[in-house]
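Morning, everyone. Structure on screen, please.

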Amino acid sequence: MNFKKTFILALLIVGFTTMANAQSGPRVGIAGLTHNHIYGILSEYANGRVNIVGIAEPSKALQEKYAKQFHLPDSLFFTDLKTMIAKRKPAIVLGYNAVAYHVNIVEVCAPLHIAVMVEKPLAATLSQAKRMEALANQYHIKVLTNYETTWYPSLVTAYAIIGKDSIGAIRKMVVHDGHQGPKEIGCSPEFLSWLTDPVLNGAGALNDFGCYGADLMTWMMHGKRPIAVTAVARHYKPKIYPKVEDDATIIVEYPTATGQIEASWNWPFSIKDMEIFGETGYLHALDGNNLVMRMRENIKSTRKVEPIQSPENSSIPYFTAVLQKRIAGTDDRSSLKYNMIVMEILDAAKRSIKEGERIIL
């Protein structure tokens, strides 16, 4: 056999193996196509890394858009979630719709004992989150939340360093999350239509980016609830975002530490970083892969960041492991338990802004 034939055969074997691995994974249903994060999961499907069995999306235009872009068969598409589930019987449904509609996904899936994973945040309001929690408990299903920062090696390394008591007890955390603005960076019209709506998104930048910091702080504090929240919102771009705030600062108080969440659609560049000040040292996760450590001796060093091992390195292997009960999914950044605390923080922040008061939890 010549080299060309051998090479083609090898590619075919790799392709068939990848597809077989995807097909052997859990049956995945998709609810909604209006969230731009849908590009990630559909790319995984196109590369044979996830077994999508059905997509529920009422808009025919969006169905056609993504079918063309990712070469999806017409047989994948349904106009409503109930029909898709009845026909395709997914083991988990992933939500890529407006945040206010996450509760609707759980309303449908919970009685059928189907797990759910939504894009952050968990819900638009605390009352919606409580309804989701009640359904999850009643029907004993997992309701998970997906954050980009969950899969950052820099943050996992920082968490491990803190766990070894290398910087002492945490005293202050500062998280920056944001970018130039969703319209400015080119988010799709269907995404913008709900992302900038106070009902469908629950807020503006406060919900969109404030949830990251709330989630990371809850994780770093091992699920402890804060004792108080104070927040300030700004509306720098009323002509672009007339309905919602485009900048928010949230102070989160714990008995032994303070957190500051900076969420904005007003920055000159995209940023997702976290600073952690301990009693004897300091960590700064600059982005997903770079971590700086500084001790009292004033020596600043870049720490080696180890890759995260599967199944905790991305959403697909994670939720697969949760469904297979190899990961509990009960006390981590994706868990319902931690994300109910996130929703408490965001709700308190909104009340603080409205009332001009420090909100005691």
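Searching the whole structure turns up 13 salt bridges. Keep in mind that this is a predicted model.

Start with Glu107 and Arg131. Their closest N and O atoms are 2.9 Å apart. Glu107 sits in helix H5, residues 102-109, and Arg131 in helix H6, residues 126-139, so this pair ties together parts 24 residues apart in sequence. Glu107 is partly exposed, at 33% relative accessibility. Arg131 is partly exposed too, at 36%.

Next, Glu148 and Lys272. This salt bridge has an N to O distance of 3.3 Å. It links distant parts of the chain, 124 residues apart. Glu148 is in the loop between strand E6 and helix H7, while Lys272 is in strand E11. Buried or partly exposed, what is Lys272? Buried, because its relative accessible area is 15% and the cut-off is under 20%. Glu148, at 37%, is partly exposed.

Third, Arg351 and Asp347, at 3.1 Å, N to O. Both belong to helix H11, four residues apart, about one turn. Arg351 has 33% relative accessibility and Asp347 has 22%. Each counts as partly exposed.

Now the serine. Ser335 lies in the loop between helix H10 and helix H11. Ser335 is buried, at 0% relative accessible area. What does Ser335 touch, leaving out residues up to four places away in sequence? Val143, Leu144, Gly329 and Thr330. A polar atom of the Ser335 side chain also lies 3.2 Å from the backbone nitrogen of Tyr338.

Notes:
Residues are numbered from 1 along each chain as its sequence is written. This is a predicted model: local features need pLDDT of at least 70, side-chain atom pairs count only at pLDDT 80 or more; totals for chains, interfaces and linings use all residues. Side-chain values use heavy atoms; hydrogens and water are left out. Helices (H or I, at least four residues) and strands (E, at least two) are DSSP runs, numbered from the N terminus. Buried means under 20% relative accessible area, exposed over 50%, partly exposed in between (1.4 Å probe, protein chains only). Contact means heavy atoms within 4.5 Å. A polar contact is a pair of N or O atoms within 3.5 Å; within protein, one must be able to donate a hydrogen and the other to accept it, and residues adjacent in sequence count only if both atoms are side-chain atoms. A salt bridge is a side-chain nitrogen of Lys or Arg within 4 Å of a carboxyl oxygen of Asp or Glu.
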